[in-house]
Amino acid sequence: MIPLCHIDAIEEGGSKELRDGEQSLIAVRKNGQLYVYLNRCPHRGIALEWQPDQFLDYERQFIQCSTHGALFRIENGLCIQGPCIGCSLQSVSIRIDDSGQLWRDRDNHSH
Ligand code: FES
């Protein structure tokens, strides 16, 4: 197994795409917390971003889908505006080891 990335690669208040094999993940760091979701919009099942690593809206308050503009809460992935309102991004369990490396946590699917 290889780590997804180092925690320092994700800037505070920013977002980054992580690759787990063929799967694309969204990582957002906010107020020191890290939130990770599958990079798949519940509306059409496609990736959210139109530019690499850009998953947030202009004010960095929400995760935004670039195709039809759905907005998702960073903290829980819930869509609060757009065509998939009420649906959620699928959260991904991760753990951070002592050296700051991020790992996908496959044994624990609760968050
Ligand atoms: S594909 Fe994301 S809002 Fe339509």
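How many bridges join β1 to strand β9? Two bridges join them, and the strands run antiparallel. This is a predicted model: local features need pLDDT of at least 70, side-chain atom pairs count only at pLDDT 80 or more, and totals for chains, interfaces and linings use all residues. Residues are numbered from 1 along each chain as its sequence is written, and side-chain values use heavy atoms, without hydrogens or water.

**View 1. An open sheet of three strands.** The order is β1-β9-β8, with antiparallel pairing. Strands are DSSP runs (E, at least two residues), numbered from the N terminus. Two strands pair if DSSP finds at least two bridges between them. β9 covers residues 101-104. There, Gln-101 is the bridge partner of His-6. β1 (5-6) and β8 (94-96) are the edge strands; each has a single partner strand, so one side of each lacks a neighbour in the sheet.

**View 2. The largest nonpolar core.** A nonpolar core is a set of buried (under 20% relative accessible area, 1.4 Å probe, protein chains only) Ala, Val, Leu, Ile, Met, Phe, Trp, Tyr and Cys residues joined through side-chain atoms within 4.5 Å.

**View 3. Around Leu-48.** Not counting residues up to four places away in sequence, Leu-48 contacts (heavy atoms within 4.5 Å) residues including Ile-26, Phe-55, Cys-65 and Leu-89.

Technical notes: Helix = DSSP H or I, 4+ residues; strand = E, 2+ residues; numbered from the N terminus. Buried < 20%, exposed > 50% of the residue type's maximum accessible area, 1.4 Å probe, protein only.
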